[in-house]
Amino acid sequence: RVVRVGTFDQATPYALAPATRWLDDERACFAYYRQPSGARALELLGRGDLDLAFMGSMPWSNAVARGAGVTAVSVLMDIRQSEGLVTCLNVRRLQDLRKKTLVAPYASTTHYILLATIMEAGIDINDVNVKTAEPHEIMRLWDAGEIDGAACWGECFVHLQTTPHGMQKTPGHLLVDAGTVARWGYRTFDALVANDAFLAAE
């Protein structure tokens, strides 16, 4: 039997599973499919194109609220330093977010982190230009200097902190990470989520 698992590009201990195939045995072979976001993984999970998927707490909680027919079978890890809001150099304090253009993948854990940061700063959401985009598009917008910051993870998270912003010679810096947001009372985590029909069959 082939078990189809949705993954995403984040350096975590459970990322060893697709890299080493150590879960495979005579009963099951695990096939891993990289997804751009938890929201996309959830879409495939809900229609039966994936059996299991790694995702953040926001996509999972949205699925539960909608009765999407999926179940979290394990909390994999609290998110701390592996996700956060990266901004250009002229955004040094939370109050500097006012009138800036900020991006995160829609309905992702980092979308939640971005909105929580704006709330913690005491800034009206209408005073910030919040957009949504997938990670690959966020990297393009950053390189073009079209955004002031983004909440992201994985390759995108590293890219913004190592790649010059637009015409500037300096890369972005981490304004807040998920661990800081958790201390404000907005905890986030990664979960392993299963399609309910798959669980029933197993």
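C88 is buried, at a relative accessible area of 1% (buried means under 20%, exposed over 50%, partly exposed in between, using a 1.4 Å probe and protein chains only). This is a predicted model, where local features need pLDDT of at least 70, side-chain atom pairs count only at pLDDT 80 or more, and totals for chains, interfaces and linings use all residues. Residues are numbered from 1 along each chain as its sequence is written, and side-chain values use heavy atoms, with hydrogens and water left out.

**Cysteines**
- There are 0 disulfides here, a disulfide being a pair of cysteine sulfur atoms within 2.5 Å.
- C88 has its nearest cysteine sulfur, on C152, 13 Å away.
- C152 is in no disulfide either, with the sulfur of C156 at 3.6 Å, and C152 is buried at 1%.

**Salt bridges**
- The whole structure has 13 salt bridges, each a side-chain nitrogen of Lys or Arg within 4 Å of a carboxyl oxygen of Asp or Glu.
- D25 pairs with R27 at 3.2 Å, N to O; D25 is partly exposed at 33%, while R27 is exposed at 64%.
- E43 and R47 make another one, at 3.3 Å from N to O, with E43 partly exposed at 41% and R47 partly exposed at 48%.
- R80 bridges to D78, their closest N and O atoms sitting 3.5 Å apart; R80 is partly exposed at 41%, and D78 is partly exposed at 28%.
- Shared partners link R40, E43, R47 and D49 into one salt-bridge network.
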